[in-house]
Amino acid sequence: MPQHQAKLTLLTAPAGYGKTYYCLEQFKKNILSAPDLTAFKSFYIVPTKEHAERILDLIFRDKPIPALGRDYVTTFDGFVDHLTAKGDRMFASDVLKGIFLCEILDTLRLDYFLPAKNQSGFIELLSDFVAEVKQSGLAVEDFCQRLRNLGASKKYRELEQILKLYEKRLRAEGFQDVEDRARLFKEYMESNETSAQVDNVYLD
């Protein structure tokens with residue numbers, strides 16, 4: 001099968017020069033020329049769901065909205081969920097993440113982090129740390145390997161323990177973190193499936 005050759009077009013101009021209008025017109029052509037849902041593989045990505053509703057209104061203000069078009073005006077998170085076919089995944093809330101981390105800390109014999117364990121805000125800091133690790137797109141095991149490469153300090157050993165136990169608990173309960181989307185998208189882009197599911201992507 002021939003490889004799909006990606007092409008990037010970057011539109012740069014001051015506000016009001018028609019960048020969004022141009023992208024909308026191209027996207028509209030994609031929608032109207034698609035014979036059915038299975039043949040439609042174009043996406044219009046915006047920052048929030050509120051932006052998506054506004055874009056839909058602009059595209060179809062004077063026309064009925066085809067069912068196939070509405071699902072393809074989405075946020076980056078929605079785009080990743082569509083590509084990875086995981087729209088029904090369950091994401092852990094901040095409260096649930098905090099509960100998991102508290103229970104994990106109670107099972108560990110801490111040394112470096114022992115003085116901070118019961119301090120106000122420590123769980124929130126750990127939760128932010130986990131989120132930053134996952135936003136990097138690295139798998140937890142890959143990040144832990146990098147910690148080991150930095151040396152065998154108590155701090156790094158305990159962080160590795162916390163991360164691994166948190167990830168194990170998350171998966172055992174059937175959850176993922178919102179920040180896992182970065183890794184899922186990275187893995188998807190490195191696979192050979194991209195050209196089979198995407199023709200055009202408009203980032204506004």
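In which sense do E1 and strand E3 pair, and over how many bridges?

## Strand E1 and its partners

In this predicted model, E1 and E3, the latter spanning residues 200–203, pair in the parallel sense over 4 bridges. Within this pairing, Ser-42 has Asn-200 of E3 as its bridge partner. E1 is also joined to strand E2 (residues 73–74) by 2 bridges, and these two strands likewise run parallel. Here Thr-74 of E2 stands opposite Ile-45.

The side chains of strand E1, which covers residues 42–45, point in two directions: Ser-42 and Tyr-44 one way, Phe-43 and Ile-45 the other. All four of these residues are buried.

## Glu-167 in helix H8

Helix H8, formed by residues 154–172, contains Glu-167. Glu-167 counts as buried because its relative accessibility is 10%, and the cut-off for burial is under 20%.

The side chain of Glu-167 makes a polar contact of 2.6 Å with the side chain of Lys-134. When residues up to four places away in sequence are left aside, Glu-167 touches Lys-134 and Val-140.

## Cysteines

A disulfide is a covalent bond between the sulfur atoms of two cysteines. The structure holds 0 disulfides.

Is Cys-144 buried or exposed? Cys-144 has 0% relative accessibility and therefore counts as buried. Cys-102, by contrast, is partly exposed, because its relative accessible area is 35%, a value in the range between the cut-offs of 20% and 50%.

Conventions
Residues are numbered from 1 along each chain as its sequence is written. This is a predicted model: local features need pLDDT of at least 70, side-chain atom pairs count only at pLDDT 80 or more; totals for chains, interfaces and linings use all residues. Side-chain values use heavy atoms; hydrogens and water are left out. Buried means under 20% relative accessible area, exposed over 50%, partly exposed in between (1.4 Å probe, protein chains only). Two strands pair if DSSP finds at least two bridges between them. A polar contact is a pair of N or O atoms within 3.5 Å; within protein, one must be able to donate a hydrogen and the other to accept it, and residues adjacent in sequence count only if both atoms are side-chain atoms. Contact means heavy atoms within 4.5 Å. A disulfide is a pair of cysteine sulfur atoms within 2.5 Å.
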